[in-house]
Structure formats: C-alpha cells, structure tokens
Amino acid sequence: MKSIYGITRKKLEDYFINNGDKKFRATQIFEWIYRKNINSFDEITNINKKSITKIKENFYFNKIKIVKKQEDELVKKYLFELEDKNKIESVVMYHDYGISICISSQIGCNMGCAFCESGRLKKVRNLSVNEMILQVLEVQKDIKERISHIVIMGIGEPFDNYDNVIDFINIANDAYALAIGIRHITVSTSGIVPKIKQFADELSGVNLAISLHAPNDEIRNKIMKVNKAYNIESLINAVKEYINKTNRRVTFEYIMLKDVNDSDNCAKELAKLLKGINCYVNVIPYNETNNIGFKRSDFSQIIKFCGILKENNINVTIRKEFGSKVSAACGQLRSESKEE
Ligand code: SAH
Ligand code: SF4
C-alpha cells in the first residue's frame, strides 16, 4: 500500500493506464485530495465504484501528527510525529509577500556541518514524498490559510534525498495539487555537485541556494565535511553550469561565524570568487545553539563584511531573523524534542 499523498499526477496517470482505466482519473483524484481535502476515497462522488475499489487496494490516506506547536511573532514551529514515531520539524513564517513554510527532507543529516544543530543527529532515513507533502498540508490546515512559498531548508540535505525531493517539488508545483509557483520554491544544498548538475537538467525555475559559508577550501574544510568530497572549485563550476543551463540567479548562503569566516579578507576573497557570477549572497547571522561552540559575528562586522561585498559589486542581503526564541531559526531544527 502506498500513500496517496506521495504520488505525482504523472505517476498516478500511469497507474490508471496500466490498470486499464482512464488517465484523467488522476486529475479527478487530485482535485478531491488537494481542493476538497477529503480523508477517504469513499467521499469521492464522480468516479465509479469499480475504480474506487481498485484504487483502495493500492493506496491509502496516511497522516503525520502535530505533537507540539510553538509560536513567536510571525513564526510557528511544528513538531511532527511520523507513522514510525520518528520526529521532524517544520516552520511557518508570515511575510509581507505571503506565507512560507520551511520543510524538512530527512530525519537527521549525514553531512556533518560543524555549526548545525540539525546535523547532530545522523541521518536515520530519508523522508518519503508524502511526509514532505503532509508537512505543507497539515500546517495549511492548522493555520487555515494558504501557503504561498516553500523552502526546503529544514532538517536534512535535500540532494541526499534527491528523487523524493524532485517528486515533492512536482506535486507542490502542480496546478491540481499544492499549486505553488515554481519560482516560489527554494531548495538549499550544502553542495552535492553531481546533483546540482542533474537538477539543472531536470528542473529549471526552482530557486537554488548553495550553502557556501567560506571563501576558500581551508576554511570550508574545517566547517563543512562535504567540501572534502566536492571542493569550492568543483562547486563553483557546477553553479556556473547550472546558471548557463537555467538562466537563473543563484543564492549563496553565508553564515557569519565569529573569527572563523567573517574577516575583511574573507569578504574580499569571497567577492573575488563570485565575481561575474549571476548570484547574490545571503548573509546569515549565525544562530548560536547550546550544544555547539561557534559564536555569532558582531553586528558591526556583519555590516562591514556586506559593505566590502557591495563595493565589489556583489549583490548582498542580510537574512531577516525569524523564530530564534522558539529555536525555529536556521540550523536550530532537530529531529527530537528533548529540550525546550
Ligand atoms: N542541508 C541544506 C538545507 C538545510 S540547512 C543546506 O545545508 O543547505 C539550511 C541553512 O541553514 C543552510 O545554509 C545552513 O548552513 C544554515 N544553518 C545551519 N546551521 C545554522 C545556524 N546555527 N545558524 C544559521 N544558519 C544555519
Ligand atoms: Fe545537514 Fe544542512 Fe545542517 Fe549541513 S547545514 S548538517 S547539510 S542540515
């Protein structure tokens, strides 16, 4: 039995065709699920009994349970319990342009970035497509408003769960499903080079964010294990290839770690590295956590760092801070709920 929330419309069409049924049943089912929010196939009134009986033999409606909700101004953090009792978190944020959700893609994360709370728990497993879709559906139900933007930046490395993330994006973007505009979907990766290349071929239009966090291999090796497999040169080449193929501007995320990657020289080196690339740098004030020793750069240094980038014609924004009071900010999400 498969979850009905985890299947793309294309795959559901193939299912119906392979069962000697009509292709358009897939669209009908999607309308019931995503527009009328049904919880059982028995609620469907415009499909014959035989087709319904058959589909019930292969698909079911599953649930993920909200077990805790914490609220701060303009932010809500949800702790979900999955069917196998594992836990994940999602965060919803209210902006002037709409409502975004930051979803998790794995339970734990194996990339081992030194500064990240989510990665302190090693990967237990990938999230299935339905578990990603249900994060959006359950939150939407809870807030009784439509979510307009999705960022895949919660727990996990999305490109280490590549196929499921691609199906998730397809369902999220499908006009008959979540109907989120492709440019309203952002995926953030720590830099798995082969997957960046594959992504460029498979899905253009999605916003791609790269967690760079250092201007050279020496620093990046110290804080991001992934750099030992795919160094900065290979990463930058993959990003250039991505931009050539998709014609899209890429975001580089850069967390500001005091005395690690935040010097004036780092800013100069970063500007040199990114010169001529269609990108912007999203500078992120580091969110300190109890368990990890890194400190946030002084605000004056963050401003100076951004100034140097600007002087060198690099587009730069400072990430607005959300949700640090409820540990819902970047890098603070966990797969457990041990501490408040
Ligand atoms: N695994 C993916 C996506 C999830 S992490 C990735 O690494 O890109 C989302 C972003 O939060 C990444 O840029 C990550 O480096 C950053 N991050 C991790 N820990 C952080 C912290 N404590 N403070 C601020 N940002 C953090
Ligand atoms: Fe994983 Fe991203 Fe955290 Fe690195 S920053 S450990 S890739 S979730």
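In the predicted model, Lys69 has Tyr78 of strand 4 as its bridge partner. Strands are DSSP runs of E of at least two residues, numbered from the N terminus, and two strands pair if DSSP finds at least two bridges between them. Strand 3 (residues 65–72) and strand 4 run antiparallel and are joined by seven bridges. Two residues lie between the strands in this hairpin, where Leu74 takes a positive phi near 65 degrees.

Strand 4 is also joined by seven bridges to strand 5 (residues 87–95), again antiparallel. Here Val75 has Met93 of strand 5 as its bridge partner. The hairpin of strand 4 and strand 5 has five residues between the strands, and Lys85 takes a positive phi near 80 degrees.

Seven of the seven residues of strand 4 (residues 75–81) are buried, that is, under 20% relative accessible area with a 1.4 Å probe and protein chains only. Val75, Lys77, Leu79 and Glu81 cover one face, and Lys76, Tyr78 and Phe80 the other; all are buried.

Around ligand 2 (a heavy atom within 4 Å) are Cys109, Met111, Cys113, Phe115, Cys116, Gly119, Gly156, Glu157 and Ser190. This shell has five nonpolar, three polar and one charged residues, with Cys counted as nonpolar and Gly as polar. Ligand 2 sits in the largest cavity, with more than half of its atoms within 2 Å of the grid points; a cavity is a set of points on a 1 Å grid over the protein atoms alone where a 1.4 Å probe fits but cannot get out.

Residues are numbered from 1 along each chain as its sequence is written, and ligands from 1 in the order in which they are written, with chains lettered from A. Local features need pLDDT of at least 70, side-chain atom pairs count only at pLDDT 80 or more, and totals for chains, interfaces and linings use all residues, while side-chain values use heavy atoms, without hydrogens and water.

How values were computed:
1 Å grid on protein atoms, 1.4 Å probe; cavity = no way out; pocket = protein on both sides within 12 Å on 5 of 7 lines; lining within 4 Å. Buried < 20%, exposed > 50% of the residue type's maximum accessible area, 1.4 Å probe, protein only. Helix = DSSP H or I, 4+ residues; strand = E, 2+ residues; numbered from the N terminus.
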